Amino acid sequence: MAIVFLLAGLIVFAAIGVPLAFSIGASCITYLSVARPMFMSMMPQRIWNGVYSELMIAMPLFMLAGELMNTGGITKRIINFCRELLSPVHGGLGEVNIVASMIFGGISGSSVADTSALGSILIPAMEKEGYPPDASAGITVASSTMGMIIPPSTPMVVYAMISGASIGALFMAGAVPGILIGLTQLVLVYVISCRKGWHPEKVSFSASRFWKAILSGIPALLMPLFIIVCVSFGICTASESAGVAVLYSILVGFLIYHELSWKAIWAALKKTLISSSSIMIIIGFTSIFTWVLTIQKVPDMVANFFMSMNLPPWGIALLFDALILIIGTFIDVSPAILMLTPIMLPVMQSFGFSPLQFGAMMITGLAIGLVTPPVGMCLNACNKINRMPIIDIFKGALPYIICNIIVLIAISLWPALTTWLPALLGY
């Protein structure tokens, strides 16, 4: 009965328009004041402990690196490189969009940043080349989901803090699913563009232009490789690599591309402060929520419920995938990770799923929620760029979201897709 009271309070506060972080906090305060008043004095300490983690330093730093890339010319060079490589191909700019998302996602770790940065450049360019507006927006938001799967990944930092899993191993666990999503979307864009005549070959490949784009883009292209190698091989921690990424972005923007200014750095700092602070507040209050759930033995109840269904592990995996897709439609990524991990991780481990596979499944599934209404943060970011109704953007993205769902099912049924690479690197 007490847990029903807690969940009902959360739903009521959220329904009347209270921001999610404060809805979680208010429901916990209401529950504790009524059911467990002796624990009220522990709330400030629990909130502080929820956000006091060295690992969490990486999150705002990766976000800041992404912002500095946009203003320092790095994003532009990534797009130019991809354009020279793929423009002669049918669906060229669509293919450019996907490959640029794969590279950009390997630096910023954020799908919303991916949509905002690449969409502002590529959506108008795609429409100018004859792509329908819904297809231009749909390819942009669907490909941006790789930003939180391909390492480094801000949600994986959050998951590592809750689960205790190695952040380097998690980065490697997300690499194969992220690349598979990119490859399947590339094939789909090519097939659809050939059938509908989108962006037929207009420019022949030029070796001189290509090498010029490579030379100009080398500083930008080395950045994701440097981050992944440093974290994966233990050269530095995730927080240290994020700090190096920020310094690298500043140096490249100032000294090589000459497009970064102190005013732009200040604007990036303010934007990162606002974005990361909102996530930190959610994390702090969610730590109270998960603590209350643990007190009420909710993980045990959920585990007993799943056990009583007598499903094989593959059935549990597909059931969890469906649950993630539904939850991701209504709850943003970080709160969903924080609320679900303490409950579902022990359950999934009891069925033989490793923390790495579980984390990859959850983050891949929640990434789909970024492009599904009504919450759909990437949909909202795209709407600010082209002012197209969110439902129309979603319709344009739907064929490419199916690629994500296929990969989600694949990593759920075949653990090696998420565990092979970490094992190869000694995790």
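## Briefing: helices, contacts and surface of a predicted model

Helix H17 has 15 residues, which should span 21 Å at 1.5 Å a residue, and its end C-alpha atoms agree at 21 Å apart. The expected span of a helix is 1.5 Å times one less than its number of residues. Helices (H or I, at least four residues) and strands (E, at least two) are DSSP runs, numbered from the N terminus. This is a predicted model, in which local features need pLDDT of at least 70 and side-chain atom pairs count only at pLDDT 80 or more, while totals for chains, interfaces and linings use all residues. Residues are numbered from 1 along each chain as its sequence is written, and side-chain values use heavy atoms, with hydrogens and water left out.

**Helices H17 and H7**

- H17 is largely enclosed by the rest of the structure, because 14 of its 15 residues are buried. Buried means under 20% relative accessible area, exposed means over 50%, and partly exposed lies in between (1.4 Å probe, protein chains only).
- Helix H7 (residues 111-128) has 18 residues. From first C-alpha to last, H7 reaches 24 Å, close to the 26 Å expected at 1.5 Å a residue.
- H7 has a kink of about 50°, centred on Gly-119. The bend at a residue is the angle between axes fitted to the seven residues ending there and the seven starting there.
- Gly-119 is also among the buried residues of H7. Others include Asp-114, Leu-118, Leu-122 and Met-126.
- Just after H7, Gly-130 takes a positive phi of about 105°.

**Aromatic pairs**

- How many aromatic pairs does a search of the whole structure find? It finds three. Rings of Phe, Tyr and Trp (its six-membered ring) pair if their centres lie within 6.5 Å; planes under 30 degrees apart count as stacked, over 60 as edge-to-face and the rest as tilted.
- Phe-254 and Trp-262 have ring centres 5.1 Å apart and planes at 45°, so this pair is tilted. Phe-254 is partly exposed at 23% relative accessibility. Trp-262 is exposed, at 66%.
- Phe-320 and Phe-358 also form a tilted pair, 5.1 Å centre to centre with 35° between the planes. Phe-320 lies in helix H15 and Phe-358 in helix H17 (residues 355-369), so the pair ties together parts 38 residues apart in sequence.
- Phe-320 is buried, with a relative accessible area of 0%. Phe-358 is buried too, at 0%.

**Salt bridge**

- Side chains of opposite charge can pair when their charged atoms come close.
- A search of the whole structure finds one salt bridge. The term means a side-chain nitrogen of Lys or Arg within 4 Å of a carboxyl oxygen of Asp or Glu.
- The side chains of Arg-77 and Glu-259 meet in a salt bridge, at 2.6 Å from N to O. The pair links distant parts of the chain, 182 residues apart. Arg-77 sits in helix H5 (residues 74-86), and Glu-259 in the loop between H12 and H13.
- Arg-77 is buried, with a relative accessible area of 15%. Glu-259 is partly exposed, at 31%.

- Most residues other than glycine have a negative phi.
- His-258 is not a glycine, yet has a positive phi of about 55°. His-258 sits in the loop between helix H12 (238-256) and helix H13 (262-295). Its relative accessible area of 61% makes His-258 exposed.
- Asn-310 is not a glycine either, and has a positive phi of about 55°. Asn-310 sits in the loop between helix H14 (298-308) and helix H15 (313-330). At 68% relative accessibility, Asn-310 is exposed.

**Surface patch and a buried contact**

- Which residues make the nonpolar surface patch of about 690 Å²? They are Leu-215, Ile-218, Leu-222, Leu-225, Val-229, Phe-233 and Ile-235.
- Patches are made of residues with over 30% relative accessible area and no salt bridge: like charges are joined within 9 Å, nonpolar side chains (Val, Leu, Ile, Met, Phe, Trp, Tyr) within 5 Å. Accessible areas come from the Shrake-Rupley method with a 1.4 Å probe; for residues, only the protein chains shown count as cover.
- Leu-225 belongs to helix H11 (residues 207-232). Leu-225 is exposed, at 52% relative accessibility.
- Phe-62, in helix H4 (residues 58-72), is buried at 0% relative accessibility.
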